[in-house]
Amino acid sequence: MNMALGFSEVHAGMLAEVGGKAANLGELTRAGLPVPPGWVLTTEAYRQVAQGLETSGDGLAERAGRHLLEAPVPAAVHEAIVKSYTALGDDVPVAVRSSATAEDLPFASFAGQQDTFLNVVGAEAVADAVRRCWASLWTDRAVAYRESNGIDHAAVRLAVVVQVMVDARVAGVMFTANPVTGRRREAVIDANPGLGEAVVSGAVNPDRFVVYGGEILERHAGDKRLTIRSLPGGGTERVETSHEDFCLTDDQVRALAGLGSRVEDHYGAPQDTEWAIDEHGEIWLTQARPITTLYPLPERARPGLRVYFSVNVAQGVMAPFTPMGVSAFQLVSGGAARLFGYGPADPLDGAPFAAVSGQRMWLDLTTAVRSRFGRVLLPRMLTLGEARAVPLFEQLARDPRLSVVHTSPRPVLRGLSRFARRIHAPSRAMLALTRPRKALEYAARLGEELDRRLLVPESATPEQRLDHAERMLAGTFPVIVSVMPVAVVGYGLFALAAKLSGVPLNDMQDILRSVPHNPTTEMDLELWDLTTRIEPEPFKEKPVAELVRLYQAGRLPPVAQREITAFLDKYGHRGVAEIDLGVPRWSEEPAHILGVLANYLRMDGGAGLAPSALFAKGAEEARAAIAQVAAAARRKGRWRAAVVRFGLRRTREFAGLRELPKFYLVKTLAGVRRSMLVVGERLVELGVLDSARDVFFLDLREARAALGGGDLRQVVAERRALYEQESRRRHVPRVLLSDGTEPEALASAATDGALTGTAASAGTVTGVARVVLDPIGAHLEPGEILICPSTDPGWTPLFLTAGGLVMEMGGAMSHGAVVAREYGIPAVVGVPDATHRITTGQEITVNGAAGTVTLS
């Protein structure tokens, strides 16, 4: 391969040889876009200079950088540089820019990780700048960035782009989609006099313009106190300046936005670009790369502006779903839709309101947002489960693009009526009111019936297992949701007691402490109780990986081996991110549970601090709270006191059932998962897959078709890589519009650094914060305050030692809030960016009644 290539010779297929930036510039040149002329030194030259470079070990960045700076430029490479530079003209100023093969990836832009050298003049100066570009592949920041994104150091190469300098009168950057709000086709332009380096490096407050549809929506004048200019003979200088007027005219702003649209159309995706305008007013495009931070748009969105609510955020599962997990969720959603009379023609297609974006599940709530009845009902429902979403929907209700079009409540009422009839809600509610024991027996029978339905004969063929899986996923939700009227009666009576007594709901939270019949609470207490029956050795000494090996080999002490097996027989269907069918369960990977047990056994606490004792104490406090509320009601009338006592006793009997439908749903997913592993084993025998677990990177239709033979190993490898990339996403919107806008990004931030959220569990605690992003392997010292994005039941063993809880997501009735109240842990939920604004080791005060978190 030639060392030097003109941009016209560079094409996308050479990305592995020339790097992302170089390939992009070649494409833009051929597309007729205004790119300054130049040439590319390919990665072959880098390979020659980097021969013998050791890409691992301590001090990697310093060693590798020194190696490249000290290595002589090979004669052939030096000759190619001199020849190509001379061809540009006499002493032409150029920009020498790095272009690594790991740049401009879908999940990592590498923006600014390697070095750029501006206004380089002279062949020898260019050769030296090229060598320094190669060395910049190994700066501390570039090495750390690759490690954080899981990119192999040894696989990365670097090409060098040399462009003729634009003697810019004004320059800057332009995003063809708004990087803050996510809105597509809304160009955001930053501009400053002189070279664009002042803007790119963040050394100046530039002018900012926002353009949509040819209209300039916003203009913000920056102070523009610094200008970077080219010097005669090479190099640049920084000059302090003062510019009061905008440095771009409106016509130039619109022209830039138009250029951005052309670039985006060329690549088919939003772009992060750099541009310059020369002294003649000509616009030059100096760089284009994908914007990697935008959240993907929903797949197959229906016409018009749509409003989507994140299932993942609501459930505290920030990771993406596997393809099989998506397929299972679609089937479950179809079963739910049928209850309302809106089931899909093909159950595998899922409900009309279910959508996929970024390999995560979303609910299309557009109809509710654009309905007069929905605007009343939706905020009340969200207040209980996801309070932070309420102001977002109130904000959307003011958007003229989402004006009310459904004025009659009849369609919604018809759907709710169908739903109530099909789950026998009136009779279930009456049973709960009049015969509570029978209502609880019914809930238990549902679990027994589910266990029977999940049984599959060992002789079942893979096709029969798929048939059974589809029936279970499509039909289980209508069955298990029939327990909800019983739980709703409990919470309804709780609200009635507040009204009759005059005691605010927030002051009655003690009544919800230590409620019975909650399967998640029972699981946590059983796990703690297990520690009182097993030997502390080897749990206090050996690492978790060794404990797993011993357990799976049946070599733990006999009592521990037996007790842990019994626990997993009962609760092994659970796990972290358990709503995804494709995620392993505790029974498959017991590391999390064994790690929790090890942490419990290392604790040194008195008997009074044992969770069982605290749970019993919570029950006593709840009974005392009922007496206090009844006394308040009695002052308003004796009959009120009687009704309040009756209602609150029912509340405590039924409130714990709130967790039961999900418990049963997760048990269904675990049962189906076992069958899918058998299907996967058959596909391995057929040579379709490499591993039985690879079946979870197919959907249900594909798994059935694959039984006919073929080879899907490459498909699985590609999907697994995409899944792992998406798993690294650090931000998932709570609400997303189909044009990419994140309404939460438009909302005003909290003032004065105040951390406020939703009051979830009363009480005040001051303690040391522990930020936990993943519960697996996490350790929480007794009394530490757990700071986390959200929780599902996989997190709750940590609650037993937590002194308090702060969550970024959730409402007063979200999972974490309910469990925190039951354990008597002060909790505040729905605190924006809590895991970023609070650091581990920081002393904080959590006021669970006021909904505030105070930082010391």
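Reply: First, the ground rules. This is a predicted model, where local features need pLDDT of at least 70, side-chain atom pairs count only at pLDDT 80 or more, and totals for chains, interfaces and linings use all residues. Residues are numbered from 1 along each chain as its sequence is written, and side-chain values use heavy atoms, with hydrogens and water left out.

Me: What pLDDT does the chain average?

Reply: The average is 87, and 93% of the residues score at least 70. The pLDDT is the predictor's confidence in each residue, from 0 to 100. Over residues 104-110 it is below 50. Where pLDDT is low, the predicted coordinates should not be read in detail.

Me: Why does the radius of gyration of the chain agree with a compact globule?

Reply: The radius is taken over C-alpha atoms, and the globule rule is 2.2 Å times the number of residues to the power 0.38. With 856 residues, that rule gives a value near 29 Å; the chain has 31 Å, so the two agree.

Me: Why is His-517 called partly exposed?

Reply: Buried means under 20% relative accessible area, exposed over 50%, and partly exposed in between (1.4 Å probe, protein chains only). His-517 has 32%, so it is partly exposed. Asp-833 has 44%, so it is partly exposed too. Most residues other than glycine have a negative phi, and most peptide bonds are trans. The bond from Glu-537 to Pro-538 is cis, with omega near 10°.

Me: What makes a set of residues a nonpolar core?

Reply: The set must be buried Ala, Val, Leu, Ile, Met, Phe, Trp, Tyr and Cys residues joined through side-chain atoms within 4.5 Å. The largest such core has 96 residues; among those with the most contacts inside it are Phe-539, Met-676 and Leu-786. Helix α26 (residues 660-685) gives the largest share, ten residues. Helices (H or I, at least four residues) are DSSP runs, numbered from the N terminus.

Me: Which residues of helix α4 are buried, and how do you know that they share a side?

Reply: In α4 (residues 60-70), they are Leu-60, Ala-61, Ala-64, Gly-65 and Leu-68. They cover an arc of only 115° around the axis, so they sit on the same side of α4. The arc is that of the directions from the helix axis to the C-beta atoms.

Terms used
Helix = DSSP H or I, 4+ residues; strand = E, 2+ residues; numbered from the N terminus. Contact = heavy atoms within 4.5 Å.
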